[in-house]
Amino acid sequence: NEVELLIATVFPSRVYTTPFNLPLSMSLGRSSKEDRRMTDLAQQQRYTSVAIALHWAIALLIAGMIAFGWILEDMAGGPGSPKVSLIQVHKSVGITILLLSVARVVWRLMNPPPPEPPMPQWQKLLATSVHILLYVLMIAMPLSGWIMASASTAHDTRFFGTLEVSLPGFAGMDAEARKPIEEGFHSVHGN
């Protein structure tokens, strides 16, 4: 029963009673062994604390980056503009999202997620497809921005104002060869 599973998930160590003070398992015709199995199943159906923390950190950073990107797009640039400094923050947060996303993929491979709830095959396929697409985007968007920034000759990329973090291979390239790469990845990343 889904209600029992939800109760066991929220309060896994508690014994539940009915209005007649009978254990929930007795009122439903189940043994306490079955109740323990339900509690164990409920605990297996939770993501790890690390997976939850990575999920919410990445989700909040992505939501902030989308809003930040729209604000940057409308700002006036040029010498002395605060836009240059804000773009550096944007790049640093993007690299942070990339690193957290890679950590999330590694964590997921090492700690498989809980089993999916029962659902029709088409829903399972759709859910898996959307999940994979989200992982691809969580890595592709920051990576495309990093490639675009590394190909740019306008400004270097410093991770929160400290380390130079341009991708290798671009520094030795001619500015004319870098320009189409920057423009191509800008069309992917910026639109």
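Residues are numbered from 1 along each chain as its sequence is written, and side-chain values use heavy atoms, with hydrogens and water left out. Because the model is predicted, local features need pLDDT of at least 70 and side-chain atom pairs count only at pLDDT 80 or more, while totals for chains, interfaces and linings use all residues.

Q: In what order do the elements of the chain run from the N terminus on?
A: Helices (H or I, at least four residues) and strands (E, at least two) are DSSP runs, numbered from the N terminus. The chain has seven helices and two strands. From the N terminus on, the order is α-α-α-α-α-α-β-β-α.

Q: What percentage of the residues of the chain count as buried?
A: Buried means under 20% relative accessible area, exposed over 50%, and partly exposed in between, with a 1.4 Å probe and protein chains only. The chain has 191 residues, and the buried part of them is 25%.

Q: Among contacts in the chain between residues at least 6 apart in sequence, what percentage join residues at least 24 apart?
A: Contact means heavy atoms within 4.5 Å. Among contacts between residues at least 6 apart in sequence, the part that joins residues at least 24 apart is 65%.

Q: Why do α4 and α5 count as roughly antiparallel?
A: Axes are lines fitted to C-alpha atoms, for helices over the stretch in contact, and angles run from 0 to 180 degrees between N-to-C directions. Angles under 35 degrees count as roughly parallel, over 145 as roughly antiparallel, 65 to 115 as roughly perpendicular and the rest as oblique. Helix α4 (residues 49-74) packs against α5 with the axes 9 Å apart. The pair is therefore roughly antiparallel, at an angle of about 155 degrees.

Q: Which hand does the crossing of α5 and α6 have?
A: The axes of α5 and α6 come within 9 Å and cross at roughly 145 degrees. A crossing is left-handed if the near helix is turned anticlockwise from the far one by less than a right angle, and right-handed if clockwise. The crossing of α5 past α6 is left-handed.

Q: Which residues of α6 make the contact with α5?
A: On the α5 side the contact is made by K91, G94, I95, I97, L98, S101, R104, V105 and R108. On the α6 side the residues are H131, Y135, M138, I139, P142, L143, W146 and A149.

Q: Which residues does V105 contact, leaving aside its neighbours within four places in sequence?
A: V105 lies in helix α5 and counts as partly exposed at 27% relative accessibility. Its C-alpha is 10.0 Å from that of L54, 51 residues apart in sequence. With neighbours within four places left aside, V105 is in contact with Y135 and I139.

Q: Which residues of α7 make the contact with α6?
A: α6 and helix α7 (residues 175-189) pack at about 150 degrees, with their axes 8 Å apart. They are therefore roughly antiparallel to each other, and α6 passes α7 in a left-handed crossing. M141, S144, G145, I147, M148, S150 and A151 of α6 meet, on α7, R178, I181, E182, F185, H186, V188 and H189.

Q: Is S144 buried or exposed?
A: S144 is found in helix α6. Not counting residues up to four places away in sequence, S144 touches F185, V188 and H189. Its relative accessible area is 5%, so S144 is buried.

Q: Where is F160, the non-glycine residue with a positive phi?
A: Most residues other than glycine have a negative phi. F160 has a positive phi of about 50 degrees. F160 is in the loop between β1 (158-159) and β2 (163-164).

Q: What kind of pair do the rings of F159 and F160 form?
A: Rings of Phe, Tyr and Trp (its six-membered ring) pair if their centres lie within 6.5 Å; planes under 30 degrees apart count as stacked, over 60 as edge-to-face and the rest as tilted. By this rule the count is one aromatic pair. The ring centres of F159 and F160 are 4.9 Å apart and the planes stand at 70 degrees, so the pair is edge-to-face.
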